[in-house]
Amino acid sequence: VFGLGLPDTAYPFLLFLSQAETEQVLLDHLAGSGVRPERALELVGFQEHSDGLTCTLRHGDGRTEEVRTRYLVGCDGAHSAVRRIAQIPFEGGAYPQTFALADLEVDGGLDADSAHAFLGHEGILFFFPLVRPASWRLLAVNPIVGRQQESERPSLEQLQALVDAFTGGQFRLSDPVWLTYFRLQHRHAGRYRAGRVFLAGDAAHVHSPAGGQGMNTGIQDAWNLGWKLALVARGIADQALLDSYDAERRPVGRFVVRFTDRLFSVATSTNPLVNVVRSRVVPRVLPVVLRFDRPLAYGFRTISQLGIRYRHSPAVREGQPAPRRGPKAGDRLPDARIAREGQRCWLGDALTEPRFHLLLCGRPDGWDSSRLAAIRGRYPDTLAVHHLTREPTPGALHDLEGQALAQLGVSDAAQYLIRPDGHIGYRAAGTDLEGLGGYLARWLRDPTADPT
(Lines give C-alpha, C1' and ligand atoms only; values in the text may rest on other atoms or scores of the structure.)
Protein backbone atom coordinates (compact mmCIF):
# COMPACT_ATOMS: atom_id res chain seq x y z
CA VAL A 1 0.00 0.00 0.00
CA PHE A 2 2.85 2.34 -0.80
CA GLY A 3 2.90 4.65 -3.81
CA LEU A 4 -0.68 4.00 -4.96
CA GLY A 5 -0.63 6.82 -7.51
CA LEU A 6 -4.09 8.15 -6.62
CA PRO A 7 -4.74 11.32 -8.63
CA ASP A 8 -6.58 13.36 -5.98
CA THR A 9 -3.99 13.52 -3.20
CA ALA A 10 -0.36 14.61 -2.96
CA TYR A 11 0.27 11.86 -0.38
CA PRO A 12 -0.92 8.50 -1.83
CA PHE A 13 1.09 6.41 0.64
CA LEU A 14 1.31 5.32 4.26
CA LEU A 15 3.94 6.95 6.45
CA PHE A 16 5.11 5.32 9.68
CA LEU A 17 6.46 7.70 12.32
CA SER A 18 7.00 7.11 16.00
CA GLN A 19 4.77 9.04 18.36
CA ALA A 20 7.85 10.82 19.72
CA GLU A 21 8.69 12.20 16.26
CA THR A 22 5.12 13.31 15.63
CA GLU A 23 4.97 15.08 18.98
CA GLN A 24 8.28 16.82 18.29
CA VAL A 25 7.01 18.18 14.97
CA LEU A 26 3.97 19.63 16.74
CA LEU A 27 6.04 21.00 19.62
CA ASP A 28 8.47 22.70 17.23
CA HIS A 29 5.57 24.31 15.38
CA LEU A 30 4.06 25.57 18.63
CA ALA A 31 7.42 26.96 19.75
CA GLY A 32 7.67 28.85 16.47
CA SER A 33 4.35 30.50 17.33
CA GLY A 34 5.46 31.37 20.87
CA VAL A 35 3.36 28.67 22.54
CA ARG A 36 4.84 26.45 25.26
CA PRO A 37 2.82 23.47 26.54
CA GLU A 38 2.84 23.16 30.33
CA ARG A 39 3.63 19.74 31.81
CA ALA A 40 2.74 18.38 35.25
CA LEU A 41 -0.42 20.49 35.32
CA GLU A 42 -3.80 18.93 36.13
CA LEU A 43 -7.36 20.16 35.66
CA VAL A 44 -9.21 19.36 38.90
CA GLY A 45 -12.46 21.22 38.28
CA PHE A 46 -14.29 23.95 36.38
CA GLN A 47 -17.41 26.05 36.66
CA GLU A 48 -19.28 27.34 33.62
CA HIS A 49 -20.73 30.86 33.49
CA SER A 50 -22.77 32.69 30.89
CA ASP A 51 -19.66 34.23 29.32
CA GLY A 52 -16.99 31.60 30.01
CA LEU A 53 -15.53 29.19 32.53
CA THR A 54 -13.41 29.26 35.66
CA CYS A 55 -10.94 26.36 35.60
CA THR A 56 -9.05 25.15 38.66
CA LEU A 57 -5.57 23.83 37.88
CA ARG A 58 -3.15 21.96 40.15
CA HIS A 59 0.60 22.09 39.55
CA GLY A 60 3.00 19.26 40.21
CA ASP A 61 4.11 20.87 43.49
CA GLY A 62 0.50 20.90 44.75
CA ARG A 63 -0.05 24.61 44.12
CA THR A 64 -3.45 25.51 42.59
CA GLU A 65 -4.55 28.41 40.44
CA GLU A 66 -7.74 29.55 38.74
CA VAL A 67 -7.91 30.49 35.06
CA ARG A 68 -10.75 32.27 33.29
CA THR A 69 -11.39 31.12 29.74
CA ARG A 70 -14.13 31.42 27.14
CA TYR A 71 -14.03 27.74 26.13
CA LEU A 72 -12.53 24.48 27.39
CA VAL A 73 -11.42 21.65 25.08
CA GLY A 74 -10.73 18.25 26.58
CA CYS A 75 -7.87 16.70 24.59
CA ASP A 76 -6.82 14.78 27.69
CA GLY A 77 -7.11 11.19 26.57
CA ALA A 78 -9.14 8.12 27.42
CA HIS A 79 -9.27 9.01 31.14
CA SER A 80 -10.32 12.60 30.37
CA ALA A 81 -10.90 14.76 33.44
CA VAL A 82 -12.80 17.24 31.27
CA ARG A 83 -15.22 14.55 30.11
CA ARG A 84 -15.70 13.21 33.64
CA ILE A 85 -16.34 16.62 35.22
CA ALA A 86 -18.70 17.57 32.36
CA GLN A 87 -20.56 14.28 33.01
CA ILE A 88 -20.48 13.25 29.36
CA PRO A 89 -21.19 9.50 28.95
CA PHE A 90 -18.37 7.34 27.56
CA GLU A 91 -20.10 4.20 26.38
CA GLY A 92 -18.45 0.94 25.39
CA GLY A 93 -16.21 -1.63 27.02
CA ALA A 94 -12.78 -3.25 27.23
CA TYR A 95 -11.39 -6.09 25.16
CA PRO A 96 -10.31 -9.13 27.19
CA GLN A 97 -7.01 -9.65 25.36
CA THR A 98 -3.62 -8.34 26.40
CA PHE A 99 -1.32 -6.96 23.71
CA ALA A 100 2.42 -6.64 23.34
CA LEU A 101 4.01 -3.51 21.91
CA ALA A 102 7.71 -2.85 21.37
CA ASP A 103 10.21 -0.76 19.37
CA LEU A 104 13.24 -2.89 18.58
CA GLU A 105 15.53 -4.45 15.99
CA VAL A 106 14.54 -7.52 13.98
CA ASP A 107 16.95 -9.82 12.17
CA GLY A 108 15.66 -12.22 9.54
CA GLY A 109 15.13 -10.37 6.30
CA LEU A 110 12.07 -8.14 6.78
CA ASP A 111 11.63 -5.71 3.89
CA ALA A 112 12.14 -2.26 5.43
CA ASP A 113 9.84 -0.63 2.85
CA SER A 114 6.76 -2.62 3.87
CA ALA A 115 4.52 -3.40 6.81
CA HIS A 116 4.35 -7.10 7.65
CA ALA A 117 1.43 -9.08 9.09
CA PHE A 118 1.55 -12.70 10.25
CA LEU A 119 -1.87 -14.33 10.54
CA GLY A 120 -2.14 -17.15 13.07
CA HIS A 121 -4.67 -19.11 15.08
CA GLU A 122 -4.16 -16.78 18.06
CA GLY A 123 -4.56 -13.51 16.16
CA ILE A 124 -2.16 -11.27 14.19
CA LEU A 125 1.45 -10.18 14.60
CA PHE A 126 2.49 -6.89 12.97
CA PHE A 127 5.89 -5.41 12.18
CA PHE A 128 5.82 -1.74 11.10
CA PRO A 129 8.95 0.02 9.78
CA LEU A 130 9.92 2.98 11.96
CA VAL A 131 13.61 3.80 11.38
CA ARG A 132 13.67 5.85 14.61
CA PRO A 133 13.98 5.28 17.58
CA ALA A 134 14.29 1.66 16.43
CA SER A 135 13.94 -0.04 13.07
CA TRP A 136 10.67 -1.81 13.86
CA ARG A 137 7.45 -1.44 15.85
CA LEU A 138 6.04 -4.81 17.01
CA LEU A 139 2.35 -5.20 17.82
CA ALA A 140 0.69 -8.51 18.62
CA VAL A 141 -2.07 -10.24 20.51
CA ASN A 142 -0.37 -11.85 23.48
CA PRO A 143 -2.01 -15.22 24.21
CA ILE A 144 0.97 -16.52 26.21
CA VAL A 145 0.52 -14.07 29.07
CA GLY A 146 -2.98 -12.83 28.31
CA ARG A 147 -3.89 -12.59 31.98
CA GLN A 148 -0.99 -10.39 33.02
CA GLN A 149 -1.57 -6.86 34.19
CA GLU A 150 -0.92 -3.80 32.05
CA SER A 151 1.65 -2.58 34.56
CA GLU A 152 3.93 -5.54 33.88
CA ARG A 153 6.56 -5.16 31.19
CA PRO A 154 7.45 -8.05 28.87
CA SER A 155 10.99 -9.33 28.69
CA LEU A 156 12.79 -9.72 25.38
CA GLU A 157 12.60 -13.50 25.88
CA GLN A 158 8.81 -13.37 26.23
CA LEU A 159 8.49 -11.31 23.07
CA GLN A 160 10.78 -13.72 21.23
CA ALA A 161 8.57 -16.65 22.27
CA LEU A 162 5.52 -14.73 21.05
CA VAL A 163 7.11 -13.99 17.67
CA ASP A 164 8.29 -17.60 17.32
CA ALA A 165 4.72 -18.81 17.83
CA PHE A 166 3.58 -16.72 14.86
CA THR A 167 6.59 -17.16 12.54
CA GLY A 168 8.11 -20.53 13.42
CA GLY A 169 11.35 -19.00 14.69
CA GLN A 170 12.02 -17.05 11.51
CA PHE A 171 13.16 -13.81 13.20
CA ARG A 172 15.43 -12.77 16.07
CA LEU A 173 14.63 -9.76 18.22
CA SER A 174 17.26 -7.50 19.81
CA ASP A 175 18.03 -4.06 21.23
CA PRO A 176 14.57 -3.09 22.55
CA VAL A 177 14.13 0.66 23.01
CA TRP A 178 10.69 0.41 24.58
CA LEU A 179 8.30 -2.45 25.33
CA THR A 180 5.03 -2.89 27.18
CA TYR A 181 1.83 -4.85 27.61
CA PHE A 182 -1.44 -2.98 27.25
CA ARG A 183 -5.18 -3.45 27.11
CA LEU A 184 -7.60 -1.95 24.60
CA GLN A 185 -11.03 -0.42 24.93
CA HIS A 186 -13.75 0.57 22.52
CA ARG A 187 -15.67 3.59 23.82
CA HIS A 188 -17.37 6.64 22.35
CA ALA A 189 -18.57 9.86 23.98
CA GLY A 190 -22.32 10.46 23.97
CA ARG A 191 -21.71 14.01 22.75
CA TYR A 192 -18.69 16.10 21.81
CA ARG A 193 -20.03 19.37 23.23
CA ALA A 194 -21.61 20.38 26.52
CA GLY A 195 -22.12 24.15 26.58
CA ARG A 196 -18.68 25.75 26.38
CA VAL A 197 -16.92 22.42 26.85
CA PHE A 198 -15.71 20.28 23.91
CA LEU A 199 -14.03 16.89 23.57
CA ALA A 200 -11.48 15.87 20.94
CA GLY A 201 -9.23 12.88 20.27
CA ASP A 202 -9.09 9.98 22.72
CA ALA A 203 -11.20 11.93 25.18
CA ALA A 204 -14.06 11.46 22.69
CA HIS A 205 -13.28 8.04 21.20
CA VAL A 206 -10.95 5.14 21.94
CA HIS A 207 -10.67 1.98 19.89
CA SER A 208 -8.29 -0.73 18.73
CA PRO A 209 -5.33 0.28 16.54
CA ALA A 210 -6.74 -1.84 13.68
CA GLY A 211 -6.53 0.37 10.61
CA GLY A 212 -4.19 2.85 12.29
CA GLN A 213 -6.84 5.58 12.37
CA GLY A 214 -6.56 6.86 15.93
CA MET A 215 -4.08 9.70 15.47
CA ASN A 216 -5.62 10.92 12.22
CA THR A 217 -9.08 10.96 13.79
CA GLY A 218 -7.91 12.94 16.81
CA ILE A 219 -5.99 15.48 14.74
CA GLN A 220 -8.98 15.95 12.44
CA ASP A 221 -11.18 16.55 15.50
CA ALA A 222 -8.81 19.29 16.63
CA TRP A 223 -8.53 20.87 13.19
CA ASN A 224 -12.30 20.81 12.64
CA LEU A 225 -12.92 22.46 16.01
CA GLY A 226 -9.86 24.71 15.92
CA TRP A 227 -10.74 26.86 12.90
CA LYS A 228 -14.31 27.26 14.13
CA LEU A 229 -13.20 28.33 17.61
CA ALA A 230 -10.71 30.76 16.07
CA LEU A 231 -13.37 32.49 13.97
CA VAL A 232 -15.91 32.64 16.80
CA ALA A 233 -13.34 33.84 19.37
CA ARG A 234 -12.29 36.65 17.01
CA GLY A 235 -15.91 37.69 16.54
CA ILE A 236 -15.85 36.79 12.84
CA ALA A 237 -18.21 33.80 12.85
CA ASP A 238 -21.63 33.19 14.34
CA GLN A 239 -21.68 31.17 17.60
CA ALA A 240 -23.90 28.59 15.87
CA LEU A 241 -20.89 27.47 13.85
CA LEU A 242 -19.62 25.66 16.94
CA ASP A 243 -22.71 23.42 16.90
CA SER A 244 -21.50 21.89 13.64
CA TYR A 245 -18.49 20.35 15.41
CA ASP A 246 -20.54 17.64 17.12
CA ALA A 247 -22.71 17.19 14.02
CA GLU A 248 -19.67 16.61 11.81
CA ARG A 249 -17.17 14.78 13.99
CA ARG A 250 -19.29 12.53 16.22
CA PRO A 251 -20.54 10.41 13.26
CA VAL A 252 -16.92 10.01 12.16
CA GLY A 253 -15.85 8.89 15.64
CA ARG A 254 -18.76 6.46 15.83
CA PHE A 255 -17.83 4.95 12.45
CA VAL A 256 -14.16 4.57 13.39
CA VAL A 257 -15.02 2.84 16.67
CA ARG A 258 -17.39 0.42 14.94
CA PHE A 259 -15.10 -0.19 11.96
CA THR A 260 -12.03 -0.92 14.05
CA ASP A 261 -14.10 -3.08 16.41
CA ARG A 262 -15.15 -5.30 13.51
CA LEU A 263 -11.59 -5.56 12.20
CA PHE A 264 -10.37 -6.35 15.68
CA SER A 265 -13.02 -9.02 16.25
CA VAL A 266 -12.00 -10.80 13.05
CA ALA A 267 -8.31 -10.49 13.90
CA THR A 268 -8.64 -11.94 17.43
CA SER A 269 -11.60 -14.30 17.23
CA THR A 270 -11.08 -17.81 18.60
CA ASN A 271 -13.94 -19.22 16.50
CA PRO A 272 -12.56 -22.24 14.56
CA LEU A 273 -14.11 -21.14 11.27
CA VAL A 274 -12.78 -17.59 11.63
CA ASN A 275 -9.36 -19.03 12.50
CA VAL A 276 -9.32 -21.02 9.27
CA VAL A 277 -10.37 -18.01 7.22
CA ARG A 278 -7.84 -15.72 8.93
CA SER A 279 -4.83 -18.05 8.83
CA ARG A 280 -5.40 -19.92 5.55
CA VAL A 281 -7.88 -18.18 3.27
CA VAL A 282 -6.93 -14.51 3.77
CA PRO A 283 -3.18 -14.99 3.05
CA ARG A 284 -4.12 -16.53 -0.32
CA VAL A 285 -6.93 -14.20 -1.31
CA LEU A 286 -5.59 -10.84 -0.10
CA PRO A 287 -2.58 -10.65 -2.47
CA VAL A 288 -4.93 -11.25 -5.41
CA VAL A 289 -7.38 -8.57 -4.27
CA LEU A 290 -4.57 -6.05 -3.80
CA ARG A 291 -3.64 -6.38 -7.47
CA PHE A 292 -6.78 -4.48 -8.43
CA ASP A 293 -6.75 -0.70 -8.14
CA ARG A 294 -10.37 -0.17 -7.10
CA PRO A 295 -10.46 -2.23 -3.87
CA LEU A 296 -6.97 -1.04 -2.98
CA ALA A 297 -7.95 2.61 -3.47
CA TYR A 298 -11.16 2.12 -1.47
CA GLY A 299 -9.25 0.56 1.39
CA PHE A 300 -6.65 3.32 1.33
CA ARG A 301 -9.26 6.09 1.34
CA THR A 302 -11.05 4.44 4.25
CA ILE A 303 -7.92 4.00 6.38
CA SER A 304 -6.41 7.37 5.46
CA GLN A 305 -9.85 9.01 5.97
CA LEU A 306 -9.68 10.88 2.68
CA GLY A 307 -13.29 9.82 2.09
CA ILE A 308 -14.76 11.59 5.15
CA ARG A 309 -17.87 13.60 4.29
CA TYR A 310 -19.94 16.15 6.19
CA ARG A 311 -22.90 16.26 3.77
CA HIS A 312 -25.49 16.32 6.56
CA SER A 313 -23.79 19.11 8.51
CA PRO A 314 -25.80 22.25 9.21
CA ALA A 315 -22.73 24.26 8.15
CA VAL A 316 -22.64 23.13 4.48
CA ARG A 317 -25.03 23.89 1.65
CA GLU A 318 -25.69 22.88 -1.95
CA GLY A 319 -26.38 25.95 -4.07
CA GLN A 320 -28.86 26.25 -6.92
CA PRO A 321 -28.35 24.99 -9.47
CA ALA A 322 -26.05 22.36 -8.00
CA PRO A 323 -23.40 20.82 -10.25
CA ARG A 324 -24.50 17.44 -11.57
CA ARG A 325 -21.15 15.77 -10.97
CA GLY A 326 -18.16 16.08 -8.67
CA PRO A 327 -17.81 16.26 -4.89
CA LYS A 328 -20.76 17.68 -2.99
CA ALA A 329 -20.94 20.22 -0.21
CA GLY A 330 -19.36 18.62 2.87
CA ASP A 331 -16.94 16.48 0.84
CA ARG A 332 -13.19 16.89 0.84
CA LEU A 333 -11.88 18.96 -2.06
CA PRO A 334 -9.90 16.59 -4.33
CA ASP A 335 -6.32 17.63 -4.97
CA ALA A 336 -4.75 17.94 -8.42
CA ARG A 337 -1.66 19.21 -10.20
CA ILE A 338 -1.92 22.85 -11.29
CA ALA A 339 0.34 25.82 -12.05
CA ARG A 340 0.41 28.99 -9.96
CA GLU A 341 2.24 31.97 -11.45
CA GLY A 342 3.90 29.57 -13.87
CA GLN A 343 5.14 27.21 -11.15
CA ARG A 344 3.80 23.67 -10.86
CA CYS A 345 2.20 22.80 -7.55
CA TRP A 346 -0.80 21.05 -6.05
CA LEU A 347 -4.17 22.75 -5.77
CA GLY A 348 -4.06 22.15 -2.01
CA ASP A 349 -0.81 24.15 -1.80
CA ALA A 350 -2.58 27.17 -3.29
CA LEU A 351 -5.41 26.88 -0.76
CA THR A 352 -3.36 26.10 2.33
CA GLU A 353 -3.69 29.46 4.09
CA PRO A 354 -6.12 29.07 7.06
CA ARG A 355 -9.11 30.96 5.70
CA PHE A 356 -12.06 30.35 3.38
CA HIS A 357 -11.08 29.96 -0.26
CA LEU A 358 -13.51 30.74 -3.07
CA LEU A 359 -12.60 28.71 -6.15
CA LEU A 360 -14.20 30.17 -9.28
CA CYS A 361 -14.03 27.68 -12.15
CA GLY A 362 -14.19 29.09 -15.68
CA ARG A 363 -13.07 32.18 -17.52
CA PRO A 364 -12.28 35.09 -15.14
CA ASP A 365 -14.17 37.57 -17.32
CA GLY A 366 -17.35 35.52 -16.96
CA TRP A 367 -17.99 36.66 -13.39
CA ASP A 368 -19.75 39.80 -12.19
CA SER A 369 -16.75 41.89 -11.17
CA SER A 370 -18.72 44.37 -9.05
CA ARG A 371 -20.50 41.63 -7.12
CA LEU A 372 -17.21 39.79 -6.63
CA ALA A 373 -15.50 42.97 -5.40
CA ALA A 374 -18.30 43.52 -2.89
CA ILE A 375 -17.87 40.01 -1.47
CA ARG A 376 -14.12 40.45 -1.28
CA GLY A 377 -14.49 43.77 0.48
CA ARG A 378 -16.96 42.37 3.00
CA TYR A 379 -14.59 39.61 4.18
CA PRO A 380 -11.08 40.92 3.47
CA ASP A 381 -9.26 38.85 6.10
CA THR A 382 -11.42 35.72 6.00
CA LEU A 383 -11.91 35.01 2.30
CA ALA A 384 -9.42 34.47 -0.51
CA VAL A 385 -10.65 34.34 -4.11
CA HIS A 386 -9.03 32.21 -6.83
CA HIS A 387 -9.83 31.61 -10.48
CA LEU A 388 -9.24 28.08 -11.85
CA THR A 389 -8.90 28.10 -15.63
CA ARG A 390 -8.28 25.65 -18.47
CA GLU A 391 -5.99 28.09 -20.28
CA PRO A 392 -3.05 29.95 -18.70
CA THR A 393 -4.37 33.30 -17.50
CA PRO A 394 -2.47 35.96 -15.52
CA GLY A 395 -3.32 35.78 -11.83
CA ALA A 396 -5.32 32.56 -12.20
CA LEU A 397 -4.63 28.96 -11.18
CA HIS A 398 -3.97 26.99 -14.36
CA ASP A 399 -5.42 23.48 -14.57
CA LEU A 400 -2.51 22.08 -16.55
CA GLU A 401 -4.03 18.79 -17.69
CA GLY A 402 -7.69 19.42 -16.94
CA GLN A 403 -7.48 17.08 -13.97
CA ALA A 404 -8.72 19.51 -11.32
CA LEU A 405 -11.81 20.58 -13.26
CA ALA A 406 -12.53 16.98 -14.26
CA GLN A 407 -12.46 15.86 -10.62
CA LEU A 408 -14.79 18.71 -9.74
CA GLY A 409 -17.13 17.69 -12.55
CA VAL A 410 -16.96 21.17 -14.10
CA SER A 411 -17.57 21.52 -17.82
CA ASP A 412 -18.48 25.21 -17.97
CA ALA A 413 -18.51 27.42 -14.84
CA ALA A 414 -18.94 26.62 -11.16
CA GLN A 415 -18.09 28.00 -7.73
CA TYR A 416 -16.69 26.11 -4.76
CA LEU A 417 -16.22 27.64 -1.31
CA ILE A 418 -13.50 25.68 0.50
CA ARG A 419 -13.41 25.77 4.30
CA PRO A 420 -10.13 26.10 6.23
CA ASP A 421 -10.16 22.32 6.80
CA GLY A 422 -10.22 21.54 3.06
CA HIS A 423 -13.89 20.51 2.90
CA ILE A 424 -16.43 22.14 0.60
CA GLY A 425 -18.77 24.46 2.50
CA TYR A 426 -20.83 25.60 -0.48
CA ARG A 427 -20.98 24.88 -4.19
CA ALA A 428 -23.11 25.91 -7.13
CA ALA A 429 -23.06 25.70 -10.90
CA GLY A 430 -22.93 28.87 -12.97
CA THR A 431 -21.72 32.38 -12.18
CA ASP A 432 -24.59 33.72 -10.04
CA LEU A 433 -23.03 34.63 -6.66
CA GLU A 434 -26.30 35.41 -4.85
CA GLY A 435 -26.44 32.03 -3.08
CA LEU A 436 -22.79 32.27 -2.07
CA GLY A 437 -23.39 35.69 -0.55
CA GLY A 438 -26.28 34.30 1.50
CA TYR A 439 -24.20 31.39 2.74
CA LEU A 440 -21.35 33.65 3.83
CA ALA A 441 -23.73 36.07 5.52
CA ARG A 442 -25.24 33.17 7.50
CA TRP A 443 -21.96 32.12 9.09
CA LEU A 444 -19.58 35.07 8.87
CA ARG A 445 -20.04 38.56 10.26
CA ASP A 446 -19.40 41.55 8.06
CA PRO A 447 -16.56 43.51 9.77
CA THR A 448 -17.44 46.58 7.72
CA ALA A 449 -21.06 46.70 8.97
CA ASP A 450 -22.18 49.21 11.59
CA PRO A 451 -22.09 47.32 14.94
CA THR A 452 -25.22 49.21 16.05
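1. A search of the whole structure, which is a predicted model, returns 13 aromatic pairs, where rings of Phe, Tyr and Trp (its six-membered ring) pair if their centres lie within 6.5 Å, and where planes under 30 degrees apart count as stacked, over 60 as edge-to-face and the rest as tilted. Phe-99 and Phe-182 form a stacked pair, with 5.5 Å centre to centre and 25 degrees between the planes. This pair links distant parts of the chain, since Phe-99 lies in strand E5 (residues 90-107) and Phe-182 in strand E9 (residues 172-189), 83 residues apart. Both Phe-99 and Phe-182 are buried (under 20% relative accessible area, with exposed over 50% and partly exposed in between; 1.4 Å probe, protein chains only).

2. On conventions, residues are numbered from 1 along each chain as its sequence is written, and side-chain values use heavy atoms, with hydrogens and water left out. As the model is predicted, local features need pLDDT of at least 70 and side-chain atom pairs count only at pLDDT 80 or more, whereas totals for chains, interfaces and linings use all residues.

3. Ring pairs also join Tyr-71, Tyr-192, Phe-198 and Tyr-245 into a cluster. Two arginines sit over rings: Arg-83 lies over the face of Phe-90, at 3.6 Å from the ring centre, and the charged end of Arg-442 is placed over the ring of Trp-443, 4.1 Å from its centre. The criterion is NZ of Lys or CZ of Arg within 6 Å of the ring centre and within 35 degrees of the ring normal.

4. The secondary structure of the chain comes to 11 helices and 20 strands, taken as DSSP runs numbered from the N terminus (helices H or I, at least four residues; strands E, at least two). The C-alpha trace spans about 75 × 60 × 40 Å along its principal axes, and 44% of the 452 residues count as buried. Among contacts (heavy atoms within 4.5 Å) between residues at least 6 apart in sequence, 66% join residues at least 24 apart.

5. The largest nonpolar core has 50 residues, of which Leu-383, Leu-417 and Leu-440 touch the most other members; such a core is a set of buried Ala, Val, Leu, Ile, Met, Phe, Trp, Tyr and Cys residues joined through side-chain atoms within 4.5 Å. Helix H4 (residues 214-233) supplies the largest share of this core, 5 residues. Not counting residues up to four places away in sequence, Leu-417 touches several residues, including Phe-356, Leu-383, Tyr-426 and Leu-440.
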